[in-house]
Amino acid sequence: RAGIKPGVDLPIDGCPRPRALAPPMPAPPPSAPAPASRPPAIRPHLAEPLLRLARLLQTTLLSANPQQQIRIGRWSIATLIYGLGWWIAESSRQRWQLHPDAVRVFEWGSLLATVLFYALLRSGLNQFFPDPALTVPQILTAQVLAVYVYSLLPPIRGVLLMLQVLALFFALFNLSLRQLWGLCASSLTLSGLTMVLLTRLEPQRFEPHQELIHFIILLAVLPAVALLGHQLQRMRVKLQQQKRELEAALNRIQNLANHDELTGLYSRRFMLEMLHLHLAAQTRDGHTATLALIDLDHFKQINDEHGHRVGDEALRTFARHMQGGLREIDLLARWGGEEFLVLLPRTRPDQAQLILARLAEQLRGETVSGAPATLRVRFSAGLTNLPPDESIDRAIERADEGLYIAKAQGRDQSVICIGA
């Protein structure tokens with residue numbers, strides 16, 4: 001490589017060739033601000049165990065019964081209120097030098113009450129009571145404890161009057177107006193007797209005029225809450241009744257839409273929906289099926305000679321007989337007038353032809369109500385297979401072609417038309 005200038009390469013053929021110089025490196029872009037840190041997401045393999053643990057705790061602590069879960073949920077709210085009362089009692093004991101034993105009476109009493117009611121609810125024993133929610137016993141217990149706290153904490157006893165109102169709220173949606181009045185009376189009686197007793201024992205701390213004002217407030221508020229609660233309960237009951245009536249009406253409408261009113265068979269619209277669903281399922285599993293289009297023979301003559309009432313009875317007789325003779329997986333619908341459509345899943349057309357022949361033979365022995373004893377219902381049918389790659393309309397057209405041939409050949413028979 002002597003005599004070769006720097007920056008020049010010597011290729012194999014000996015012709016010098018300039019060496020490609022690397023382009024200058026572009027200046028680095030200004031550093032972007034670091035993205036804000038996100039809290040780590042729960043990993044997928046940890047989410048499912050956590051959900052199972054949550055469901056286990058819910059079933060263990062509450063119940064597997066949804067109604068029991070609601071009742072224990074209400075108990076939980078009352079327990080939280082008792083817990084707030086425990087904190088107030090403990091903080092007040094130190095601030096106002098309350099007697100420790102008096103505070104312990106409230107704490108142990110409320111604790112025993114919550115444990116007792118939880119045991120009744122969680123064990124299911126509450127369901128043996130007329131009111132499984134145990135609303136009245138729980139509210140009476142709360143009223144007694146509220147009256148005791150009222151006497152225990154004179155500096156804030158005016159605020160504690162709301163506990164009597166709060167206890168009554170738990171009864172608004174479960175009890176009747178008579179029961180609400182009874183709870184109002186019990187609250188007023190307990191509060192009034194307690195106020196009278198406190199004014200007699202400690203008139204300096206419980207001034208009679210102030211206690212009278214407290215009692216008047218309760219006398220005005222509690223009945224008003226009971227009346228409003230009763231009105232809300234009536235509205236709730238009315239809404240529930242309207243909901244049930246609406247659901248019943250929707251069910252009737254759905255039933256009328258899916259069934260023929262005269263024969264009770266499936267309607268044409270519902271049958272088409274079922275045919276499309278069956279065709280999709282048949283495409284997946286590959287099973288065969290047969291479609292049969294049936295027409296009652298000489299039905300117009302029956303109407304003309306014996307009247308439409310006998311004609312309707314002939315349709316009902318046919319529908320009742322076919323429903324009793326077909327399998328549970330078979331679908332039978334009134335297609336229109338005296339025409340009926342039958343879907344026989346997992347059945348070849350030759351097997352379906354034997355089934356219809358047996359049903360036709362049995363139908364010849366059936367009499368029609370209100371018609372002469374000699375009147376018999378007979379039918380012709382066109383059968384076809386139901387290929388998974390063919391439209392429903394094309395299969396029905398082919399079955400109709402078979403029905404036309406059966407009519408042309410003398411009726412009271414079935415003809416198979418096979419599709420590709």
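Visitor: Leaving aside neighbours within four places in sequence, which residues is Leu 218 in contact with?

Guide: Leu 218 touches Leu 161, Gln 164, Leu 188, Ser 191, Met 195 and Pro 223, where contact means heavy atoms within 4.5 Å. This is a predicted model, in which local features need pLDDT of at least 70, side-chain atom pairs count only at pLDDT 80 or more, and totals for chains, interfaces and linings use all residues. Residues are numbered from 1 along each chain as its sequence is written, and side-chain values use heavy atoms, leaving out hydrogens and water.

Visitor: What makes H3 roughly antiparallel to H4?

Guide: Helix H3 (residues 100-123) and helix H4 (residues 135-152) pack at an angle of about 170°. Angles over 145 degrees count as roughly antiparallel, so H3 is roughly antiparallel to H4. Their axes are 10 Å apart.

Visitor: How are the residues of this contact of H3 with H4 divided?

Guide: They comprise 11 nonpolar, 4 polar and no charged residues.

Visitor: Which residues of helix H9 are called buried?

Guide: In H9 (residues 299-306), these are Phe 299, Ile 302 and Asn 303; buried means under 20% relative accessible area, and exposed over 50%.

Visitor: What do the buried residues of H9 pack against?

Guide: They pack against strand E3 (289-296) and helix H10 (308-325).

Note on methods: Axes fitted to C-alpha atoms, helices over the stretch in contact; angles between N-to-C directions. Helix = DSSP H or I, 4+ residues; strand = E, 2+ residues; numbered from the N terminus. Parallel < 35°, antiparallel > 145°, perpendicular 65-115°, else oblique. Nonpolar A, V, L, I, M, F, W, Y, C, P; charged D, E, K, R; others polar. Buried < 20%, exposed > 50% of the residue type's maximum accessible area, 1.4 Å probe, protein only.
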